[in-house]
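Let's take a walk through a protein chain together. Keep the picture open while you read, and look up each residue as it comes along.

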Amino acid sequence: MPGKRSSRKQIQHFCCPYCDRRLWRAGSTKHFLFYTEAAQIRQYVNVSHKSAALLASQGAYVDRNSWIEEFFCGEHGKLWLKLNRNSAGQLTSQIATSKDWQQSTQTINPEVPNPSVSEYSYRMSRAPSSRLSYCRR
C-alpha cells in the first residue's frame, strides 16, 4: 500500500478570507506570540490562575501554539495570518492584527514603512518594473 504512512494527507490548507481561494505558504518563519502578564497567559493559553501567575513571574511566556505566518493569495497578494493550534491539533486562522504584531517575537509591523528609508526609495520599490513587462529573446 503506497502512501500508507505518508504525512502529506495531514497537511491543512487555508482559504483567503476575502475571496475563498486557496492560500499558499510563502515559506516565511513562524513568528510566535508571547505574553507578559498573568491575565494574558490565562486568557490565551487556558491555564489556571496559579499556573499563569507562575509563568508570568518567570518572564515573557512564548506560546508555541499561536504564531503569525505569511501566505500568498493569487488575487490579493501577500497576507499575514495568525494561526492557532487547538488541543486536537487542528489549526485555525485569522488575519493578523496590530495587537498580534506587538506580541510577536522578532518582528516589526509590515504595514508601517521603515523610517530610515527615504520616501523616494520606498515609492520606487513599490512601483511596477518596466523590465518585467517584456521578455528578451
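## Loops, strands and a core

D20 counts as exposed because its relative accessibility is 63%, and the cut-off for exposed is over 50%. Bear in mind that this is a predicted model. D20 sits in the loop between β1 (14-15) and β2. Its backbone does something worth a look: D20 has a positive phi of about 60°, although it is not a glycine.

N46 is another residue to look up. It has a positive phi of about 60° and is not a glycine. You'll find N46 in the loop between α1 and α2 (49-57). N46 is exposed, because its relative accessible area is 66% and exposed means over 50%.

Now zoom out to the whole chain. It has four helices and six strands, and along the sequence they follow the pattern β-β-β-α-α-β-β-β-α-α. The chain has 137 residues, and buried ones make up 22% of them. Take the contacts between residues at least 6 apart in sequence: 52% of these join residues at least 24 apart.

A hairpin joins β4 to β5 through three residues. These two strands run antiparallel, and eight bridges join them. One example to find is E70, whose bridge partner in β5 is W80.

On to β5 and β6 (residues 91-95). They also run antiparallel, with five bridges joining them. They form a hairpin with five residues between them, and in the turn G89 has a positive phi of about 95°. Along this pair, L83 has S93 in β6 as its bridge partner, and R85 stands opposite L91 in β6.

Here are the phi values and relative accessibilities mentioned in this report, side by side.

| Residue | Value |
|---|---|
| D20 | positive phi of about 60° |
| N46 | positive phi of about 60° |
| G89 | positive phi of about 95° |
| D20 | 63% relative accessibility |
| N46 | 66% relative accessible area |
| K82 | 8% relative accessibility |
| L23 | 4% relative accessibility |

Which residues make up the largest nonpolar core? There are 11 of them: F14, C16, L23, F32, W67, F71, C73, L79, L81, L83 and L91. The elements giving two or more residues to this core are β4 (61-73) and β5 (77-85). Apart from it lies another core, this one of eight residues, including L33, Y35, A52 and A96.

L23 lies in strand β2 (residues 22-25). It counts as buried because its relative accessibility is 4%, while the cut-off is under 20%. Setting aside residues up to four places away in sequence, L23 touches F14, C15, C16, F71, F72, C73, L79 and L81.

Leaving out its neighbours within four places in sequence, F14 is in contact with R21, R22, L23, R25, F71, L83, L91 and S93.

What about K82: buried or exposed? This residue lies in strand β5. K82 counts as buried, because 8% relative accessibility falls under the 20% cut-off. Not counting residues up to four places away in sequence, K82 touches L33, W67, I68, T92, S93, Q94, I95, A96 and D100.

K82 turns up again at the largest pocket, whose lining is made of Y35, Y44, V45, N46, D63, N65, S66, K82, N84, R85, N86 and T92. The elements that give two or more residues to this lining are α1 (38-45), β4 and β5. The volume of the pocket is about 220 Å³. How many lining residues are nonpolar, polar and charged? Three are nonpolar, six are polar and three are charged.

Terms used
Residues are numbered from 1 along each chain as its sequence is written. This is a predicted model: local features need pLDDT of at least 70, side-chain atom pairs count only at pLDDT 80 or more; totals for chains, interfaces and linings use all residues. Side-chain values use heavy atoms; hydrogens and water are left out. A nonpolar core is a set of buried Ala, Val, Leu, Ile, Met, Phe, Trp, Tyr and Cys residues joined through side-chain atoms within 4.5 Å. Buried means under 20% relative accessible area, exposed over 50%, partly exposed in between (1.4 Å probe, protein chains only). Contact means heavy atoms within 4.5 Å. On a 1 Å grid over the protein atoms alone, a cavity is a set of points where a 1.4 Å probe fits but cannot get out, and a pocket is an open set with protein on both sides within 12 Å along at least five of seven lines; lining residues have an atom within 4 Å of a point. Grid points are joined across faces, edges and corners, and a volume is the space filled by probe spheres set on the points. Ala, Val, Leu, Ile, Met, Phe, Trp, Tyr, Cys and Pro count as nonpolar, Asp, Glu, Lys and Arg as charged, and the others, Gly among them, as polar. Two strands pair if DSSP finds at least two bridges between them.
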